[in-house]
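Let's take a look at this protein together. Have the sequence and the 3D view open as you read.

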Amino acid sequence: MKTLLLILSTQFLYYFYAAETAFIEEDWPTAYKLFRFCHSLEPDDPTVNLYMGIYHDGFDQRDQALQYYQKAWEREPEIAWKNYSLLQ
């Protein structure tokens, strides 16, 4: 079981950093695809949910952004409070 968790954790980190890099480089389709994959591995990760919220907010998809911000805020309020409060 520990081996499986380590593999999943390593896989998550690999794709998360690739997604962050694509996001920073403003390669939105790639960033979204990679963050969605990370979300499938760790749906409760607050940072992934924050990035998903930022993505949807940037494309004026406020309802979807709010769902991701809220989930990020529930797990880790200090990283998501500003984005979440702006959509309230």
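The protein chain has five helices and zero strands, where helices (H or I, at least four residues) and strands (E, at least two) are DSSP runs numbered from the N terminus. Keep in mind that this is a predicted model: local features need pLDDT of at least 70, side-chain atom pairs count only at pLDDT 80 or more, and totals for chains, interfaces and linings use all residues. Residues are numbered from 1 along each chain as its sequence is written, and side-chain values use heavy atoms, with hydrogens and water left out.

So what's tucked inside? Of the 88 residues in the protein chain, 30% are buried (under 20% relative accessible area; exposed is over 50%, partly exposed in between; 1.4 Å probe, protein chains only). The largest nonpolar core has 13 residues; such a core is a set of buried Ala, Val, Leu, Ile, Met, Phe, Trp, Tyr and Cys residues joined through side-chain atoms within 4.5 Å.

Phe16, Phe35 and Val48 have the most contacts inside the core, a contact being heavy atoms within 4.5 Å. Leaving out residues up to four places away in sequence, Val48 touches Phe12, Phe16, Phe35, Cys38 and His39.

Now for helix 4, which covers residues 62-75. Its buried residues are Ala65, Tyr68, Tyr69 and Ala72. Seen down the axis of helix 4, they fall within an arc of 100° (taken from the directions from the helix axis to the C-beta atoms), so they line one face of the helix. On the other side of helix 4, Asp63, Gln67 and Glu74 are exposed.

Notes
Expected span 1.5 Å × (residues − 1).
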